[in-house]
Amino acid sequence: MPASTSTSTSTSTSTSTSTSTSTSTSTEQSAVTVIGLGPMGRALAGAFLDAGVRTTVWNRTPGRDEELVARGAVSAGTVSEAVAASDLTVVCVVNYDAVDAVLRHEEVIAALKGRTVVNLTADTPDRARDAAAWAAEHGVRYLDGAIMTPTPTIGTPAGVFIHSGPQDLYGEHRPVLEALGGTHTHLGEEIGRAAAYDIALLDIFWTAMAGYAHAVTVARAEGITAGDLAPFAKGIGDILPPIFEGLAAEVDAGTASAEGTPLTSVASSMAHIVHTSEAHGIDAGVMRAAEGLARRAIGQGHGADGFIRVTDLLGRR
């Protein structure tokens, strides 16, 4: 996951946050199985090994465990053998379809019964709820989660992990999970909550990345290199955190103060971006959509409000 999606705090009273660095003192007698050895899965398994956790690994594609085995991991021949090796199995694959393809087999279910799965695979909140229901039906204990920082942060203080599911189950396995380093936040017992945070934060990241790609394309069309633009783009990024915090308070309160930039001015600025882009033959569909939202809000009498008023339009079905 990209670093810019990181979150390590929550104002919810049900949220618990802990920060750890890799250490073998509390985990050397523990065991974990890691299912899925893509780049992130290998990083997770490596962090467990570095922390002294007895680690069993399995991957659908053979050969990806060689380095981990050389470092002390146990390579399982089958999924059922892998999950039977530990009370805790951490799954990190491409999506929940892949999770289902790996776990939803009679022999694997039998081996998992009474054990815990921590699913760090990215997908939707509904899929997390479906997975939890399946697990409960088959006597498998289940926690959902997400990794909010990229592979190099795993096993370091910079990692950010979020979890949801039964508090007591999270507490039971937290010492092993903290071997992954970084910050771990339990977001509550509603199982889809971690996935919901993940989706919302990735929405910010990929929308911003799309905006940046569009911005450098427009800049290049005007003879400005991406390198020349970058320091100023960074300045835009730097002013966003306090803006996000202020707007969050307004959204929760149902207000949308303009603070000097009313929607009428916002729509005008967006129109300039659309005009300049299309004059160069650059697709301005994303900005046209944003401008359309702003003008709809203006049409409903909110021209003096701030841009965050468009959340009222987006939320309507």
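In this predicted model, helices H10 and H11 cross in a left-handed way. H10 covers residues 263–279 and H11 covers residues 285–302, and their axes come within 9 Å while crossing at roughly 150°. Since angles over 145 degrees count as roughly antiparallel, H10 and H11 are therefore roughly antiparallel to each other. On the H10 side, the contact is built from Leu263, Thr264, Ala267, Ser268, Met270, Ala271, Ile273, Val274 and Glu278. H11 answers with Met287, Arg288, Ala290, Glu291, Ala294, Arg295, Ala297, Ile298 and His302. Sorted by class, the residues where H10 meets H11 come out as 11 nonpolar, 3 polar and 4 charged.

Next up is the pairing of H8 with H9. Helix H8 takes in residues 193–221 and helix H9 residues 226–253; here the axes come within 11 Å, and the crossing angle is roughly 150°. The handedness of this crossing is right-handed. H8 brings Ile204, Tyr212, Ala215, Val216 and Ala219 to the contact, and H9 brings Ala226, Leu229, Ala230, Ala233 and Phe244. As for the make-up of the contact between H8 and H9, there are 10 nonpolar residues, with no polar and no charged ones.

H4 and H6 cross with left-handed geometry. From H4, the residues that touch are Tyr96, Asp97, Asp100 and Leu103; from H6, they are Arg127, Ala128, Ala131 and Trp134. This H4–H6 contact holds 5 nonpolar residues and 3 charged ones, but no polar ones.

The volume of the largest cavity is about 40 Å³. What lines it? The lining of the largest cavity consists of Val99, Asp100, Leu103, Arg104, Val117, Asn119, Ala131, Trp134 and Tyr142. At least two of the lining residues come from each of three elements: helix H4 (96–103), strand S6 (116–119) and helix H6 (125–137). H4 is the biggest contributor to the lining, with 3 residues. In terms of class, the lining of the largest cavity splits into 6 nonpolar, 1 polar and 2 charged residues.

Key
Residues numbered from 1 in each chain as written. Predicted model: local features only at pLDDT ≥ 70, side-chain atom pairs only at ≥ 80, totals over all residues. Heavy atoms only, no water. Axes fitted to C-alpha atoms, helices over the stretch in contact; angles between N-to-C directions. Helix = DSSP H or I, 4+ residues; strand = E, 2+ residues; numbered from the N terminus. Left-handed = near helix turned anticlockwise from the far one by under 90°. Contact = heavy atoms within 4.5 Å. Nonpolar A, V, L, I, M, F, W, Y, C, P; charged D, E, K, R; others polar. 1 Å grid on protein atoms, 1.4 Å probe; cavity = no way out; pocket = protein on both sides within 12 Å on 5 of 7 lines; lining within 4 Å. Points joined across faces, edges and corners; volume = space filled by probe spheres on them. Parallel < 35°, antiparallel > 145°, perpendicular 65-115°, else oblique.
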